[in-house]
Amino acid sequence: MEVTKILKEKGVVGAGGAGFPTYAKLKKEGILSYIVNGIECEPLLWVTKEILKRFPEKVAMGLAALKNYTNSKEAFIAVKSKYKHLFGNLEEFIQSENLDIRIFYAGDFYPAGDEQILVYEITGKVVPPGGIPLMVGAVVNNVETVYNVYNALFEGKPVTEKFITVSGDIEKPVTVKVPIGMKISSILEQFEIEYEKKVIIDGGPIMGKIISKDDVITKTSGGILVFEKKHPVVSKKMTPIEQILRKARTCCIQCRYCTDQCPRYLLGHEIEPHKIMISLAFNLEEKFLKSALICSECGVCEMYSCPQGLSPRRVNQYLKGLFAKKGVKYSAEKKEYSARQNRDLRKIPTSRLLTRMSLDKYEKEPEFIDEKLKTDEVKIYTKQHIGAKAIPVVQRGDKVNEGDVLAKVEENLLGADIHASIPGIVTDVTEDFVIIKREEKL
């Protein structure tokens with residue numbers, strides 16, 4: 001069977017981002033560099049490090065299969081050099097199998113794992129603003145995505161589970177495998193983590209979003225972080241947008257630190273956050289406001305750079321929403337870009353970012369739980385990816401096993417199929433989700 005068909009039917013999508021269907025990235029010509037991103041961009045998360053440490057053969061063989069299928073000229077697995085001691089088994093496996101794969105050791109700066117920054121660090125090519133790596137001959141997949149590629153191609157296993165780091169203001173952080181659709185509260189309760197009076201974040205502390213205890217794990221979940229409401233990470237996220245906009249209009253001193261340390265500006269992109277802030281206040285040229293569309297939302301500006309405690313990232317998110325409603329898209333001014341000369345001098349050391357965000361005391365290696373958590377019920381969404389919703393193919397009362405198809409995406413549409421993550425009985429079906437309960441619990 002065609003590789004792309006297998007990956008679509010097994011539900012493989014980007015596990016570390018927006019959930020772009022993996023098969024749609026695979027071109028049989030034009031790919032020079034196939035890159036596996038093993039750099040956990042945000043602090044406190046350990047999923048990719050654990051997968052590379054414990055399942056190096058799956059990542060390496062998955063990458064080799066993708067490289068061969070796409071006829072890529074070179075292949076890389078990128079990791080931070082400070083964690084080199086964790087990946088001895090990966091290096092040994094690549095050498096023992098004589099695989100044409102290189103390990104790229106990146107510096108310890110934020111956001112080293114940003115897709116476009118990683119492409120530049122490895123290839124020296126700048127992806128145009130608003131563009132994708134394929135425009136410069138590169139493809140990037142997250143480590144867990146390639147782990148899932150291996151499972152699909154070599155073991156015939158669909159995506160039914162997710163590795164999750166549970167960390168933050170808790171006594172014992174862990175990294176564990178959980179069924180997709182498992183409720184957040186159920187995970188926290190199994191580890192006896194108190195969360196009722198705290199805030200739960202899905203993803204990393206900077207780019208992650210605040211969620212409810214009743215939300216569930218999806219294919220793109222990256223972590224569950226728990227913090228007190230007063231923590232700076234939380235207060236930034238909870239500040240009302242009206243207050244953020246008011247402060248932006250009145251308190252920005254045009255120091256331009258947000259611009260001079262913006263990772264995308266340093267790549268040569270036409271984004272200058274300080275000009276966005278002043279344009280918002282004085283209705284200056286709209287082109288400055290439109291540059292918000294190419295903000296990567298990495299959070300350097302609000303978490304590290306601004307001496308006034310403003311939030312250019314939240315302002316950019318707000319402007320993106322306005323332009324989306326108007327149907328406005330960004331158009332790059334040039335075809336080729338080059339990084340700014342002082343880029344290397346303005347990289348943000350992760351250690352300094354951790355201190356600035358009051359996260360340094362939480363940055364420790366979590367315990368790895370080598371057994372998948374169990375749950376009696378899952379709620380599995382039919383859209384956990386970019387593209388079309390999967391259409392349910394089961395009905396209430398159907399008995400399913402783990403791995404059975406619950407919903408399918410039409411052949412000519414972008415998307416990926418959805419599968420049962422536990423065995424049981426389908427108790428509810430809508431166009432948006434399927435609920436399964438273990439049979440013995442009914």
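In which loop is proline 111 found? Proline 111 sits in the loop between β4 (109–110) and α5 (115–123). Helices here are DSSP runs of H or I with at least four residues, strands are runs of E with at least two, and both are numbered from the N terminus. The peptide bond leading from tyrosine 110 into proline 111 is cis, with omega near 0°.

A quick word on the ground rules. This is a predicted model, where local features need pLDDT of at least 70, side-chain atom pairs count only at pLDDT 80 or more, and totals for chains, interfaces and linings use all residues. Residues are numbered from 1 along each chain as its sequence is written, and side-chain values use heavy atoms, with hydrogens and water left out.

Most residues other than glycine have a negative phi, and most peptide bonds are trans. Against that background, glutamate 192 has a positive phi, near 55°, and so does glutamine 254, also near 55°. Glutamate 192 belongs to the loop between α7 (184–190) and β8 (199–202), while glutamine 254 is in the loop between α9 and α10 (257–260).

The table puts some accessibilities side by side; buried means under 20% relative accessible area, exposed over 50%, and partly exposed in between, using a 1.4 Å probe and protein chains only.

| Residue | Relative accessibility | Class |
|---|---|---|
| Glutamate 192 | 75% | exposed |
| Glutamine 254 | 30% | partly exposed |
| Lysine 183 | 35% | partly exposed |
| Cysteine 258 | 8% | buried |
| Cysteine 301 | 10% | buried |

Lysine 183 is in the loop between β7 (174–179) and α7. Leave aside its neighbours within four places in sequence, and lysine 183 is in contact (heavy atoms within 4.5 Å) with Lys213, Asp214, Asp215 and Val216. Lysine 28 is another story: lysine 183 and lysine 28 are 155 residues apart in sequence and 39 Å apart in space, C-alpha to C-alpha.

**A pair of helices**

Helix α9 (residues 241–251) packs with helix α12 (residues 273–282) at an angle of about 95°, and their axes are 8 Å apart. Axes are lines fitted to C-alpha atoms, for helices over the stretch in contact, with angles running from 0 to 180 degrees between N-to-C directions. That makes α9 roughly perpendicular to α12; the label covers 65 to 115 degrees, with under 35 degrees counting as roughly parallel, over 145 as roughly antiparallel and the rest as oblique. On the α9 side, Leu245, Ala248 and Arg249 make the contact, and on the α12 side Met277, Leu280 and Ala281 do. Those residues divide into five nonpolar, no polar and one charged.

**An open sheet**

Four strands form an open sheet in the order β13-β19-β18-β15, with antiparallel pairing. Two strands count as paired if DSSP finds at least two bridges between them. β13 (377–381) and β15 (399–400) are at the edges with a single partner strand each, so one side of each has no neighbour in the sheet. β15 pairs with strand β18 (residues 424–429) in the antiparallel sense over two bridges, and valine 400 has glycine 424 of β18 as its bridge partner.

**Cysteines without bonds**

How many disulfides does a search of the whole structure find? Zero, taking a disulfide as a pair of cysteine sulfur atoms within 2.5 Å. For cysteine 258, the nearest cysteine sulfur is that of cysteine 255, 6.2 Å away. The sulfur of cysteine 301 has its closest cysteine sulfur in cysteine 295, at 6.1 Å, which is too far for a bond.

Terms used
Nonpolar A, V, L, I, M, F, W, Y, C, P; charged D, E, K, R; others polar.
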